[in-house]
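Work through the exercises below with the model in view. Try each task before you read its solution.

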Amino acid sequence: MSAAHAKSGGDPHKLGHGEVPVSERGPAPKRIVVAYGFWIFLLSDFIMFAGFFAAYAVLVGETAAGPSGADLFDLRLVGWETVLLLLSSFACGMAGIATIARNRFWFLTAMAVTGLLGAAFLCLEVYEFTHLIGEQAGPERSAFLSAFFALIGCHGLHVALGLLWLMTMMAQVWAKGFRDDILRRIACFSLFWHALDIIWVALFTVVYLLGAGL
């Protein structure tokens with residue numbers, strides 16, 4: 001195919017010689033760069049949690065003649081925590097739909113529901129920790145409890161940071177609307193929040209269900 005033929009419309013999609021070589025193209029769009037970087041962050045976070053999981057798996061039987069998970073875990077309480085976090089993820093998905101529709105009211109409403117459910121989850125987790133400490137089952141009691149508090153506490157810290165990020169997103173959309181940079185941040189927040197849900201499902205299964213002997 002000649003260059004003149006390509007210019008005349010013989011290669012409208014630039015699949016042949018009319019295409020600019022990759023080495024001569026400009027930088028990638030910012031949304032792609034941001035998404036790529038955030039996925040790397042999420043993968044590093046998963047690797048960190050994998051390390052905490054590995055430590056817990058090694059130390060779960062090291063109770064120092066103290067209580068084990070079967071003696072301590074209240075599955076009804078943890079069940080409510082799970083329901084709250086899963087519902088918050090659903091509300092976050094609704095916020096994503098409102099973002100696509102550029103509906104500020106429903107976006108703020110869905111994000112507020114996400115935040116309230118996430119805050120309720122954190123309150124139950126704090127109650128669980130204070131109850132365990134009150135029962136003389138704090139992180140200093142045994143290696144098992146140290147690993148348990150580190151793993152669950154790390155997830156709780158991520159949820160708390162996610163709530164701060166959520167409020168920032170709400171304030172930005174309220175003040176500035178759905179600008180391109182804000183849309184990128186909303187997409188990254190959604191990935192982060194859903195990732196916390198995935199990690200919690202693993203925690204609920206490995207730590208609580210298996211720990212309680214189910």
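**Exercise 1: the largest cavity**

Task: Find which helix gives the most residues to the lining of the largest cavity.

Solution: Helix 7 gives the most to this lining, with 4 residues. Helices here are DSSP runs (H or I, at least four residues), numbered from the N terminus. The model is predicted: local features need pLDDT of at least 70, side-chain atom pairs count only at pLDDT 80 or more, and totals for chains, interfaces and linings use all residues. Residues are numbered from 1 along each chain as its sequence is written, and side-chain values use heavy atoms, with hydrogens and water left out.

Next, list the lining: L42, D45, F46, F192, A195, L196 and I199. A cavity is a set of points on a 1 Å grid over the protein atoms alone where a 1.4 Å probe fits but cannot get out, and lining residues have an atom within 4 Å of a point. Helix 2 (30–59) and helix 7 (180–211) each supply at least two of the lining residues.

Then sort by class. The lining has 6 nonpolar, no polar and 1 charged residues. Nonpolar means Ala, Val, Leu, Ile, Met, Phe, Trp, Tyr, Cys and Pro; charged means Asp, Glu, Lys and Arg; the others, Gly among them, are polar.

Last, the volume. The largest cavity holds about 40 Å³ of space. Volume is the space filled by probe spheres set on the points, with grid points joined across faces, edges and corners.

**Exercise 2: helix 4 against helix 5**

Task: State at what angle helix 4 and helix 5 pack.

Solution: Helix 4 (residues 75–100) and helix 5 (residues 104–134) pack at about 160°, with axes 8 Å apart. Axes are lines fitted to C-alpha atoms over the stretch in contact, and angles run from 0 to 180 degrees between N-to-C directions. Helix 4 and helix 5 are therefore roughly antiparallel, a term for angles over 145 degrees, while those under 35 count as roughly parallel. Their contact has 21 nonpolar, 4 polar and 3 charged residues.

Note on methods: On a 1 Å grid over the protein atoms alone, a cavity is a set of points where a 1.4 Å probe fits but cannot get out, and a pocket is an open set with protein on both sides within 12 Å along at least five of seven lines; lining residues have an atom within 4 Å of a point. Angles under 35 degrees count as roughly parallel, over 145 as roughly antiparallel, 65 to 115 as roughly perpendicular and the rest as oblique.
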